[in-house]
2 protein chains.
Amino acid sequence: MRYRDSGVDIDKANQATRAIARLAKETWGPEVLSEIGHFGGLFEVPKGMRNPVLVSSMDGVGTKLLIAREAGVFDTVGQDLVNHCVNDILVQGARPLFFLDYVAAGKLEPEMIARVVTGLAKACHENRCALIGGETAEMPGLYQHGDFDLAGTIVGIVERDGVIDGSSIAAGDAIFALPSNGLHTNGYSLVRRVIEKSQLKLDERVEALGSTLGEELLRVHRSYLDAVTAIARTVTIKGLAHITGGGIVENLPRILPDGTGARIDKGTWPVLPIFELIARAGDVVEGEMYRVFNMGVGMLVVVGAQDAAKVPERAEGLTVYRVGDVVPGDGTVHVV
Amino acid sequence: MRYRDSGVDIDKANQATRAIARLAKETWGPEVLSEIGHFGGLFEVPKGMRNPVLVSSMDGVGTKLLIAREAGVFDTVGQDLVNHCVNDILVQGARPLFFLDYVAAGKLEPEMIARVVTGLAKACHENRCALIGGETAEMPGLYQHGDFDLAGTIVGIVERDGVIDGSSIAAGDAIFALPSNGLHTNGYSLVRRVIEKSQLKLDERVEALGSTLGEELLRVHRSYLDAVTAIARTVTIKGLAHITGGGIVENLPRILPDGTGARIDKGTWPVLPIFELIARAGDVVEGEMYRVFNMGVGMLVVVGAQDAAKVPERAEGLTVYRVGDVVPGDGTVHVV
């Protein structure tokens, strides 16, 4: 009796590793000092900064993965993950430096892995972020055949006096929204239950969406790096809220100082048709919709009242909506 | 009909979040600028370095998790993960700055999560590393009840001219070993198959091990940060190899320059009893044992011939074994 550890197909593993290395290298600038295959990724701290602060975030794609698997689409979840992470550090004023990914599966499928990494590399490239390393794990006893999980870590940088933390936000400030293009990466557990109970089908074309339901649900989480950078060139941004799980009502309070709240005016931005479809098909009440979904708002931008008129109407192709105001309050966000 | 997204028990989630935040904060020094609960973790780049390079690594615990779950022990896998990551960047000369974790489960079990994070925080503390953030994901459709996965990212730092990459290694250099204390985190898929076929039991006390098999298999992956730092105070380290999956024969070649190979002399260090037990119970041939397991060697240290006599006999409580030499060759490691 002879064993080969974990039954890994070595040729397949090497094939996947080579594909990953090739895709990753396309995202590297001169600040990347090592090659994947070494023990760790090397990245030079950018020069010429006075007091650099590293901002990092780790995240997963969540149950959007299960929709992707059902639809057989694997590259967009990689983009979702990177863009989500980019937004998570962007809200503190940081620009991305590098990204590492973790892919775990019951069985290594080199083609599937290559598609996931293609998406990661594409989004890293778009966000000027180096895909510097990662781990691909095969764990047959933990994941069922065909199942996989995907997580990633982003590390970015910002000058200490450029950190955005919302602390200067005050009643009277103006709130702007950058539009989402769909669910991004939140609310998929609810959507999966709605699909199941209402017998909607992923491959069914829905007139109101102009696409199939599957295509709509897998639209890539938008990165707001370029749009926010463009706005920051015109005005001072006091606070940014990435609208993820918990929606506007739970994410905006995270940056509101004591003694403030917010009023968000419905009708000032377009709620995407997919949210109307989910609410109707699942009989989900509006308050719940706002707690689970982004409802068409991917990022909120808070600026001082005196700057409100200077905020551009469009930023890097996205319409910038004036959606509400900071008000005196106890941290509650009222959507009215 | 009303939905609550993903069926997450909010009280339980909050309970887990508070426990994580409390444990994590105990690992923070003054360079940590933010609190968990914000969007991303802030960490000041250490001052006074000439040309700092960030070294990062992402890893999982692999199928050691399944042994831990079977034994109902959850804190040690957190330590395994951190120590493994510390070693992975240590081999490039880096000391750890901060760590982020990813825990995904079918169902959030606050007590289990708290135990995992207790282990993460303990190891972070021991390695002077800040547990700066992480993600806890509940994905009932992906993980079975009771199943969970654990991954993490470490970011460390080194002066550019202090990077250890093995490039100065030459034939004639001396190779030293720091002992492992067991399997660390590799070879568990094979071990699980051996256990299954040979009907060994995790809770059975094994005389040769002086413990139960479960206790032996869950010994915490050793961090070599302090021992390697101590050796580096005495001699110039030319290369370090963390002995993980692939064993000595596949990990040492990763740092050997062209034209060199290595001879490792069996009998110069103690092979732990657990490896003899696995080989016997599973009828695993020796060559295979050396490709799957660390065989008692956790870290290899390469120094110039002229420094060999200066390497201390013990470092931070660990015996330092002289185990072989760098020889002219094609990258092959011969264990003779």
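By what turn, and with what shift along the axis, can chain A be laid on chain B? A turn of 180 degrees and a shift of 0.0 Å along the axis do it, with an RMSD of 0.0 Å; the copies are superposed by least squares on the C-alpha atoms of residues with pLDDT of at least 70 in both. That is the relation of a two-fold axis.

Before you click further, here is how to read the names. This is a predicted model, in which local features need pLDDT of at least 70, side-chain atom pairs count only at pLDDT 80 or more, and totals for chains, interfaces and linings use all residues. Residues are numbered from 1 along each chain as its sequence is written, while chains are lettered from A and ligands numbered from 1 in the order in which they are written.

**Stop 1: where the chains meet**

Colour the two chains separately and look at the contact between them. Here 60 residues of chain A are in contact with 60 residues of chain B, where contact means that the C-beta atoms of two residues, placed from the backbone, lie within 7 Å. On the side of chain A that touches chain B, strand S2 of chain A gives the most, with nine residues. Helices (H or I, at least four residues) and strands (E, at least two) are DSSP runs, numbered from the N terminus. By class, that side of chain A has 30 nonpolar, 18 polar and twelve charged residues. Nonpolar means Ala, Val, Leu, Ile, Met, Phe, Trp, Tyr, Cys and Pro; charged means Asp, Glu, Lys and Arg; the others, Gly among them, count as polar. The copies meet through the same surface, because 100% of the interface residues of chain A are also interface residues in chain B.

**Stop 2: a sheet with strands from both chains**

Now select residues 52–60 of chain A, which form strand S2. S2(A) belongs to an open sheet of five strands, ordered S4(A)-S3(A)-S5(A)-S2(A)-S1(B), with mixed pairing. Strand S4 (130–138) of chain A and strand S1 (41–44) of chain B stand at the edges with a single partner strand each, so one side of each is left without a neighbour in the sheet. From one strand to the next, the twist averages 20 degrees. Two strands pair if DSSP finds at least two bridges between them; S2(A) and S1(B) have four, in the antiparallel sense. Zoom in on A:Val55 and you will find B:Leu42 of S1(B) opposite.

Next, select helix H3 (residues 75–90) of chain A. H3(A) lies across S2, strand S3 (95–105) and strand S5 (148–159) of chain A, and runs at about 30 degrees to S5(A). Axes here are lines fitted to C-alpha atoms, for helices over the stretch in contact, and angles run from 0 to 180 degrees between N-to-C directions.

**Stop 3: two domains in one chain**

Stay with chain A and colour domain 1 (5–162) and domain 2 (174–335); the bounds come from an automatic or database domain assignment. Their centres, taken over C-alpha atoms, are separated by 25 Å. The contact takes 22 residues from domain 1 and 19 residues from domain 2. Which element gives the most to the side of domain 1 of chain A that touches domain 2 of chain A? H3(A) does, with nine residues.

**Stop 4: strand S10 of chain A**

Select residues 260–264 of chain A. The covered face of this strand, S10(A), holds A:Thr260, A:Ala262 and A:Ile264, and the uncovered one A:Gly261 and A:Arg263. Five bridges join S10(A) to the antiparallel strand S14 (residues 321–328) of chain A, where A:Pro328 is the bridge partner of A:Thr260. With strand S15 (residues 333–335) of chain A, S10(A) pairs in the parallel sense over three bridges, and A:Arg263 stands opposite A:His334.

**Stop 5**

Finish with B:Gln199 and B:Met295. Most residues other than glycine have a negative phi. B:Gln199, however, has a positive phi near 60 degrees, and B:Met295 has one of about 60 degrees. Find B:Gln199 between helix H5 (188–198) and strand S7 (205–206), and B:Met295 between helix H10 (286–292) and strand S11 (297–303). Which is buried and which exposed? B:Gln199 is exposed, with 8 other C-beta atoms within 10 Å, whereas B:Met295 is buried, with 26. Buried means 20 or more such atoms, exposed 12 or fewer, and partly exposed in between, with C-beta atoms placed from the backbone.
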